[in-house]
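Open the model in your viewer and keep the selection tool at hand. The stops below are meant to be taken in order.

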Amino acid sequence: MLFNSIDFAIFLPIVFLLYWFVTQKNLKLQNLLLLIASYFFYGWWDWKFLSLIVFSSFVDYYVGRGLAKQENTKKRKLLLLTSVLVNLGFLGFFKYYNFFAENFAEAFTLLGQPIQASSLNIILPVGISFYTFQTLSYSIDVYKRKMEPTIDILAFFAFVSFFPQLVAGPIERATNLLPQFYKKREFVYNKAVDGLRQILWGLFKKIVIADNCAEMANKIFDGSADLNGSSLLLGAFFFAFQIYGDFSGYSDIAIGTSRLFGFDLMKNFAFPYFSRDIAEFWRRWHISLSTWFRDYLYIPLGGSRGGTWMKVRNTFIIFIVSGFWHGANWTFIVWGALNAIYFLPLLLLKRNRQNIGDIAEGRLLPNIREFFGMTTTFLLTLLAWVFFRAENLGHALSYLSGIFSMSLFEFPDFGLGMNAILAILLTISFVFIEWLGRHNEYAIEKLGLNWKRPIRYAMYYTLILIILFLGGSQQEFIYFQF
Amino acid sequence: MSIANFIKRSLKFLGLFLAFAILSLVLIGSTFEFLPHTKYYGQDYEKAFNKKDLGLLAIGNSKLLASLDNTTLQKELGLEPVNLGSIFSNLSVTRLTFESYLNNCEVMPKMVLMEVSWFTFNPVRTQFNEIGGDLFLNDYKLWPEALNYYPEIIDPLRKSFMRQVYSKVMPIGDIDYSSEFKDMSRFEKTYDFKLSEFEEVFPDHIAGVDPELLAEFERIVNLCKENNIQLVLYTAPEVSEYRSLQTDIEDIKTIFRNIPDVPYLDYSEGGEFFKKDYELWMKDSHHLNENVRYSEILAKDIKAKLDL
């Protein structure tokens, strides 16, 4: 079920009413309702793949129980390995089987031993990269004794499948989300209203910004061979805002929806395009994934301790794995590696934590240094997005060589019609609002709170009207494919 | 504040918005007019829904738009025609166009001329396009059917609504589908057939028969029967390269050939009325660039088939 669909607009109020009016006196019943609603939400796409979530939940629940009883280190490791193998096994099979099969075949062919690649017609189950990581975090945290394993199977199953964040995150940590299923949730008016406001902003980001930019980005990337440099640069710009609006919009809707049910999810985006360097960008972009990799991969590998070689190695590993997590294609791997290259100088010069605080704190505009840092970071990100969006490496390279040509200084020639102008104007307005709200959890969190109600309502109505009438054609959320 | 308060305020907020939305729809609907559009002939729709006593309705998609000339048809068949095709339109839109006309007309048309082809029942090549939104804004009698076309109806409806609003505050250009015709002073092949583009839409070279689109087609046939309207089907010319890739063409044509009392005139390769020369009349693999001479031929063939 898509957040930006009528189906969800019907589903959400029904679950909300049942949750607060029918089951609110019994915590178990409330969790059961959330579990059923979550399975229904997921099953709306394809019931068959529900079995994967159920199986993964069973395995991790019993691994957790086993870890609680087991003191023997070897056996504990074996239990953890079971969880890792099951979760990464699912992920590996559904997401990476064809990639490895095809690449092995190509490698053998290059070595003069042609073999037949037996690629399968595998459908990628929606959200598999997200829920497997979430449930894996539980097993690892229990193994490391960072948290007590749960004995409440219902709460655990509801935690793994919690519908607002099931298919595209934020990838919640068991330490944050699971305990919220143990406690009775109280309805808090301001929290619910805030949730609705965040949902509205998420829908705006998705439908107005991402979907409008998507139409332009698709047009330019698909026809890139015949376009000049300025069009291609504009295409990368559109894609940068498409993916940001799409994914952060989804996260906003997920967080807002959770708040309606009394839950607090972690922040997933913190205005990443206002970052002053790449290290800051990665602290602000897809925070739940970045911190997941930091805690469960980077730090166990040694993090930034050790010699230069260790730092370089660990940085490359984390960025390349992060790239590969996004998809079974060399373009994602190169995208990850490129970000590692951007990041390394900052790490090696120990300047990766120089921009920790808010940008332009207490000022309306950034200073020249901040502005230069923001612009440079954004442009570097833009170039990396070309790899993320391109069909293959050849496409990405020809796209980039198209940008870095003399035609970069020509007028865009991709057919700059009304739709493109509209997308640009909307994106500029969006960036302006985001800038004004950059110190908040989301851009419009506090916008208009002190205004009189009719004026505030008028603002919300305007946003709804813009969503309805200036939104792009409905597209699936990009991160569903990951 | 309590949850009851939250719900009360949310309902009030939504209620106000819904009231505003309904009012806007009524307002736009009551002042609706078909506007010029590059995807269809707005003036033909405007004429169809105002004149109400037309003799010939032409319905279909871009192949129909490209192949007919109203003046020639009127001269040859003696019926006042309108070209109600629109590019990419699927059979749902075609059927709604026809049904909406019947809802509003005062005299039933004598003939419906419908272009059908290999991809008529394909749900990718044909879609619920923008004219579908126009039809709903123009004719409130169609609204009970709106949910049948959810969610694909949302986008056309939104675009149509926006165009109506724009047209009230600023002039809309008068460019229509005729701008698609290329200038061809000599009849010669001026296009390149790109297999890759073809395979993007038809990767297996199969157009198939979508059951829902087939049902819409049957509704058109039945509407004609019920209202005693002569339905004529035809397939406009297509180039050989394109035609030779249509793996399941015979299955599709069987559907058109086997409707009792409905003549089917096939101008594509292998068809009864095919001529090699037509290849020089095209602007691409399946759209005619020459519609005057072709309309003359088509009208004469129809007269012969129906013994008019």
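Predicted model: local features only at pLDDT ≥ 70, side-chain atom pairs only at ≥ 80, totals over all residues.

Residues are numbered from 1 along each chain as its sequence is written, while chains are lettered from A and ligands numbered from 1 in the order in which they are written.

**Stop 1: chain A**

Select chain A, which has 17 helices and 0 strands. Helices (H or I, at least four residues) and strands (E, at least two) are DSSP runs, numbered from the N terminus. The C-alpha trace of chain A spans about 75 × 65 × 45 Å along its principal axes. Chain A has a radius of gyration of 23 Å, which agrees with the value near 23 Å for a compact globule of 482 residues; the radius is taken over C-alpha atoms, and the globule rule is 2.2 Å times the number of residues to the power 0.38. Of the 482 residues, 43% count as buried (20 or more other C-beta atoms within 10 Å of the residue's own, with C-beta atoms placed from the backbone).

**Stop 2: α3 and α6 of chain A**

Select residues 50–69 (α3) and 153–161 (α6) of chain A: their axes come within 10 Å and cross at roughly 130 degrees. Axes are lines fitted to C-alpha atoms, for helices over the stretch in contact, and angles run from 0 to 180 degrees between N-to-C directions. Show A:Ile53, A:Ser56, A:Ser57 and A:Tyr61 in α3(A), which meet A:Ile153, A:Phe156, A:Phe157, A:Val160 and A:Ser161 in α6(A). Residues are in contact if their C-beta atoms, placed from the backbone, lie within 7 Å.

**Stop 3: where the chains touch**

Now show both chains. The contact takes 13 residues from chain A and 12 residues from chain B. On the side of chain A, α1 (6–22), α8 (189–222) and α17 (453–470) each give two or more residues, and α17(A) gives the most, with 5 residues.

**Stop 4: α5 and α9 of chain B**

Select residues 91–104 (α5) and 211–226 (α9) of chain B, which pack at an angle of about 25 degrees with their axes 8 Å apart. That makes α5(B) roughly parallel to α9(B) (under 35 degrees).

Technical notes
Parallel < 35°, antiparallel > 145°, perpendicular 65-115°, else oblique. Contact = placed C-beta atoms within 7 Å. Buried ≥ 20, exposed ≤ 12 C-beta atoms within 10 Å, placed from the backbone.
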